[in-house]
Amino acid sequence: MPISYLTHLKCPKCGKTYDADKVTQLCLCGSPLLAQYDLESARKALKKSDLANREPSLWRYREILPVKDDKNIVSLGEGMTPIIPLKTIGPKLGLNNLYLKDEGIIPTGTFKARGAAVGVSRAKEVGIKALAMPTNGNAGAAWSIYTARAGIKCIIVMPEDAPEITRNECAITGADLYLVNGLISDAGKIVGRAVAKHSIFDASTLKEPYRIEGKKTMGLEIAEQFNWEVPDVILYPTGGGVGIIGIYKALKELQSMGWIGEKMPRLVAVQATGCAPIVKAWEEKKEASVFWENAKTIAFGITVPKALGDFLVLQAVYETNGCAIAVADDEILKAQVDLAAAEGAFVCPEGAACLAAASKLREQGWIGADEKVVILNTGTGLKYPDTVQVELPVLKPEEDVKI
Ligand SMILES: *Cc1c(COP(=O)(O)O)cnc(C)c1O
Ligand SMILES: [Zn+2]
């Protein structure tokens, strides 16, 4: 049975370390904590070829995931999503090697399932019985589903404007769901008061250390699926930023294990022009972002006005010579339609934003024509049925179609 080489938690800001087996939230200095592994032992224990015989889920990377005992794994078969070559729309945009990693087929329909599967499994392992979190919808849905399976009580607060289907996902699992007339930052304040008063675990983005371990598996999979030759550019729709921080962490860990070489993909944080705090910080060469007032975009999953891990997102971008770029909602909608029509991929607006961004960066010459480029589609378009507006002809039974 494979084992986890998790050793401790470490603060990326001040360096303080924590016992991983105790229930822990943020560092005393306020920074998120990151899980650390004995990568040297992991390297000796695990061969690349061992992976070939393992199940096609994110649990294939057990050695560098935090769950220690199999019996604590709460799984619905998440992970190992396909990488789809975009052979029609890629060349049309001047991108001859464009790929889509499609998270739309994962349980709950978004990559949030990765964070929830690993976060909830580890919460179960350290003995957490109840947790609360703010969400823009998809994370709440995923955590509701996995906590239901784990038998952990779950309290969710989400904006009224969040996609309606995500409410139903929370409700059907029996989670305690509250709507707030405000943004995710307002939901976060409500959760903050609740956890302080009732000593419930705060599962807010990056206030618990393990969802990032689930999300990092996107990076591990990309490396494995490209046969350990990493692509040149990875574009990621960035809200809280856990995914991009996770992908970077994964690639660094693979480097430490000697599984990939020196080369790092240039990581691109994609945001919407209606909420682009990371892009603004990157343009000003800052190390952290400033709260974005009046945030609004159809790409709801990336409507995060101020991310707790903003400095880690920016680090990932700077250290890989990446960039941050914003695209407008109309560009997102157009990219969504173009991608579906050209490739048969019905992606979410967040995923479509990455296509729009890739196209812009190609135009600017920032991406070369033959570079290997991966765009992350973080969820299925089916979760946002209302973003697609169509007018249809209605026939009487005796009328014919026009061809
Ligand atoms: C949450 C979410 C994002 C942003 O994820 P982070 O890793 O927190 O930046 C992107 N797309 C979708 C569909 C989401 O639900
Ligand atoms: Zn610290």
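Let me start with the secondary structure around the ligand: strand S10 (233-237) and helix H10 (242-256) each supply at least two residues of the shell around ligand 1. Please keep in mind throughout that what we are looking at is a predicted model.

The shell is made up of 18 residues, and the closest of them are Lys 112, Tyr 236, Gly 241, Gly 243 and Thr 378. If you turn to the glycines, you will find that a polar backbone atom of Gly 239 is 2.8 Å from an oxygen atom of ligand 1, that a backbone N or O atom of Gly 240 lies 3.3 Å from an oxygen atom of the ligand, and that for Gly 241 the corresponding distance, again from a backbone N or O atom to a ligand oxygen, is 2.6 Å. How much of ligand 1 does the protein bury? Taken alone, ligand 1 exposes 380 Å², and the protein buries 96% of that. The space that ligand 1 takes up is the largest pocket.

Is Thr 387 buried or exposed? Its relative accessible area is 18%, and because buried means under 20%, Thr 387 counts as buried. Leaving aside residues up to four places away in sequence, Thr 387 touches Leu 333, Gln 336 and Pro 349. There is also a polar contact to point out, in which a polar atom of the Thr 387 side chain lies 2.9 Å from the backbone oxygen of Tyr 384.

Definitions and conventions
Residues are numbered from 1 along each chain as its sequence is written. Chains are lettered from A and ligands numbered from 1 in the order in which they are written. This is a predicted model: local features need pLDDT of at least 70, side-chain atom pairs count only at pLDDT 80 or more; totals for chains, interfaces and linings use all residues. Side-chain values use heavy atoms; hydrogens and water are left out. Buried means under 20% relative accessible area, exposed over 50%, partly exposed in between (1.4 Å probe, protein chains only). A polar contact is a pair of N or O atoms within 3.5 Å; within protein, one must be able to donate a hydrogen and the other to accept it, and residues adjacent in sequence count only if both atoms are side-chain atoms. Contact means heavy atoms within 4.5 Å. A residue is near a molecule or strand if one of its heavy atoms lies within 4 Å of it. Accessible areas come from the Shrake-Rupley method with a 1.4 Å probe; for residues, only the protein chains shown count as cover. On a 1 Å grid over the protein atoms alone, a cavity is a set of points where a 1.4 Å probe fits but cannot get out, and a pocket is an open set with protein on both sides within 12 Å along at least five of seven lines; lining residues have an atom within 4 Å of a point. A molecule sits in a cavity or pocket if more than half of its atoms lie within 2 Å of its grid points. Helices (H or I, at least four residues) and strands (E, at least two) are DSSP runs, numbered from the N terminus.
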